[in-house]
Each structure stands twice: as structure tokens, then as C-alpha cells.
Amino acid sequence: MAAPVEIRALSRDDLARVGEIRRAERIEVLFEQRGTELIARHGSWDAPNWHVDGEGDHSVDAQQRAVEHYLDMGGTAIGAFSDAHLVGIGVVVPHLRPGIAQLAFLHVSSEVRATGIGIRLCDDLETIARRAGDSEMVVTATPSGNTVRFYLRRGFRPMEHPLPELFALEPEDVHMSKPL
Ligand SMILES: CC(C)(COP(=O)(O)OP(=O)(O)OC[C@H]1O[C@@H](n2cnc3c(N)ncnc32)[C@H](O)[C@@H]1OP(=O)(O)O)[C@@H](O)C(=O)NCCC(=O)NCCS
């Protein structure tokens, strides 16, 4: 039987543990956003695990720095633990703009995906944002089929006008929002 999964707040000292998460994913659908429309492209792509060496975009080091940056912006990080291993991480930045929170980071380890951990993390991040007083949450979603469908099922919808500051950083992603 799988070990129970516990979700708790992460401290800055925990963040190096982001390297415990296995990012790899076989992607069979990529979505392109045109306004509120999503166009599916079928194929076969591989997202690699984060590299343990170096500081490039796909390194563990870059992920740790990204989460540290969100905490510096006033964000909160939560982790999902199974058998003392970090198997999921989520970060929310309240008040990115007045009333608008950003779901800034969400990753579940490949071996435990589709078991409900992402839903639990996402629900907790929404609760944190709502308690901080925000009424909307935006996310810059990886355009893979599984990820975009995950957010659609959680009530997020493609934005006609993405926030320019987020669009500039990730023009290929799907920019979504939901009322809280
Ligand atoms: C997207 C992600 C965070 C979802 O987390 P998860 O723990 O796998 O999702 P859950 O188990 O809570 O599943 C939620 C729903 O999505 C489906 N789902 C999510 N990921 C899936 C996958 N890889 N394969 C099949 N189904 C998947 C589940 O069946 C479930 O469906 P339901 O809402 O109809 O019940 C996770 O798959 C992930 O880390 N993906 C790779 C990294 C990524 O793209 N992160 C998002 C960056 S914006």
C-alpha cells in the first residue's frame, strides 16, 4: 500500500529538496493559446528530469532559485511528503496585483502523478490566496495536455488578455485564471 501523503508548509531551508521531485514527462499533446481558444497539437515530446549539475533553466538549482524568488515576493511554499520524501511542491504569491494571486509553481513527482496530490496542493494554495484577501488566481501553465486539462478541471480558463508581466516571461505557456 502507498505511504500516506502529508502536506505541510516549506521553510527556506527545505527548498534544496526540490531536487527530490522527478520532473520527467512524456507529452503527447501540446496546447497553443489563441485568446481564450486552445489549439491541440499531437506528437511526442519528452520533458527531462531537472539536472542535478549546473545552473541552466532545467537544473535543480534554477528551480530552487525560482521558488526562493517567489518567497522573496511574499509567497508561501507547501510540500507533499510521502515516506519522508518530497513528492510535490506548490507555491502561491498573493497580491501579485490588487486582488490577484499567482499560482507560481506546482510540480508533482512523476511516480505519484494522477493520485490526487496535485488537487490537494492546488486546493491548499487557493485557500491561502483567499485568506490573504485575493479574489482571483492566475497561472502560467506548461502547455502540455495533462497540465492544461488539470487546470481546466480545477476551474481555470484561458485569459483573453494575459497579464503582460507574466506573458513576457512565458509566451509559449497557457495563461489561465479562475475566480476564488
Ligand atoms: C499537473 C500536475 C501538477 C497535476 O498533479 P497530479 O498530482 O498529477 O494531479 P492529480 O492526481 O491531483 O490529478 C488531477 C486530475 O488530473 C488528471 N491527471 C493529472 N496529471 C495526469 C497525468 N500525468 N496522467 C493522467 N492523468 C493526470 C487526474 O486523473 C485527475 O483527474 P480528475 O480531476 O478528473 O480527477 C502534475 O501532473 C505535474 O507535476 N505535471 C508535470 C509538471 C507540470 O506541468 N506542472 C505544472 C506547471 S504550471
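Mentor: Welcome! In this predicted model, the shell around the ligand is made of seven nonpolar, eight polar and three charged residues.

Trainee: Which residues come nearest to the ligand?

Mentor: Among the 18 residues around the ligand, those are R113, G118, I119, T142 and T147. β6 (100–108), α2 (117–131) and α3 (145–153) are the elements that each give two or more residues to this shell.

Trainee: Which element gives the largest share of the shell?

Mentor: That is α3, with four residues.

Trainee: Why is β6 called mostly covered?

Mentor: A residue is buried if 20 or more other C-beta atoms lie within 10 Å of its own. Eight of the nine residues in β6 are buried, so the strand is mostly covered.

Trainee: How do you know that β5 and β6 pair?

Mentor: Pairing takes at least two bridges. Seven bridges join β5 (residues 85–97) to β6, so the two strands pair, and they run antiparallel. G90 stands opposite L106 in β6. The two strands form a hairpin with two residues between them, and G99 in the turn has a positive phi of about 80°.

Trainee: And what makes β6 and β7 a pair?

Mentor: Four bridges link β6 to β7 (residues 136–141), against the two required, so they pair, here in the parallel sense. L103 stands opposite V139 in β7. Together, β6, α2 and β7 make a right-handed β-α-β unit.

Definitions and conventions. Residues are numbered from 1 along each chain as its sequence is written. This is a predicted model: local features need pLDDT of at least 70, side-chain atom pairs count only at pLDDT 80 or more; totals for chains, interfaces and linings use all residues. A residue is near a molecule or strand if its C-beta atom, placed from the backbone, lies within 6 Å of it. Ala, Val, Leu, Ile, Met, Phe, Trp, Tyr, Cys and Pro count as nonpolar, Asp, Glu, Lys and Arg as charged, and the others, Gly among them, as polar. A residue is buried if 20 or more other C-beta atoms lie within 10 Å of its own, exposed if 12 or fewer, and partly exposed in between; C-beta atoms are placed from the backbone. A crossover is right-handed if, with the strands pointing away from the viewer, the path from the first strand over the helix to the second runs clockwise.
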